[in-house]
Amino acid sequence: MFDLDAGKLIVIGIVALVAIPSKDLPRVLRTVGQMTGRMRRMAADFQGQLMEALREAEVADLKKEFDETNRKIMDSVKLEGAFDPLGEARKQMTQAIEGDIPSNPLAPHEEMESNAPQDEEPPAPAPKEEGARDRI
């Protein structure tokens, strides 16, 4: 702010020794120190308030951008009935109670019928070797 380096402070100190009587010098230096401390605290407080205002403005901008992006995503996806785990569980439980249980509850009923082989016999089991034991 004032750009006081060591050389300038020495010159100010020499002028203060010449201009201020020696009995008033400690009181003057104490007053100058107190005023310097107050100025530093006020500058730090002002800087802190300025940084806080900038953070709040940045957070508000980020929240606005997030809300806008979230709204666009929600408009484009529309999950109204596409994902309903409770409805699917209710449907499977109702089917289990009524006895209409598909062999694979995750696969649609139509795909299971279309993938089933038509007019084919199951393969015959392989003959067992003599001396081979059944292991459990």
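This is a predicted model: local features need pLDDT of at least 70, side-chain atom pairs count only at pLDDT 80 or more; totals for chains, interfaces and linings use all residues.
Visitor: How many salt bridges does a search of the whole structure find?

Guide: Happy to start there! A pair counts when a side-chain nitrogen of Lys or Arg lies within 4 Å of a carboxyl oxygen of Asp or Glu. Searching the whole structure on that basis, the number of salt bridges found is three.

Visitor: Is Lys63 buried or exposed?

Guide: The cut-off for exposed is over 50% relative accessible area. Lys63 has a value of 52%, so Lys63 counts as exposed.

Visitor: What separates Glu68 and Lys72 along helix H2?

Guide: These two form a salt bridge, with 3.5 Å between the closest N and O atoms. Glu68 is partly exposed at 38% relative accessibility, and Lys72 is partly exposed too, at 48%. Because they are four residues apart in helix H2, the separation is about one helical turn.

Visitor: How far apart are the closest N and O atoms of Asp24 and Arg27?

Guide: Both residues are partly exposed: Asp24 has 23% relative accessibility, while Arg27 has a relative accessible area of 48%. Asp24 and Arg27 form a salt bridge, and the distance between their closest N and O atoms is 3.2 Å.

Methods: Residues are numbered from 1 along each chain as its sequence is written. Side-chain values use heavy atoms; hydrogens and water are left out. Buried means under 20% relative accessible area, exposed over 50%, partly exposed in between (1.4 Å probe, protein chains only). Helices (H or I, at least four residues) and strands (E, at least two) are DSSP runs, numbered from the N terminus.
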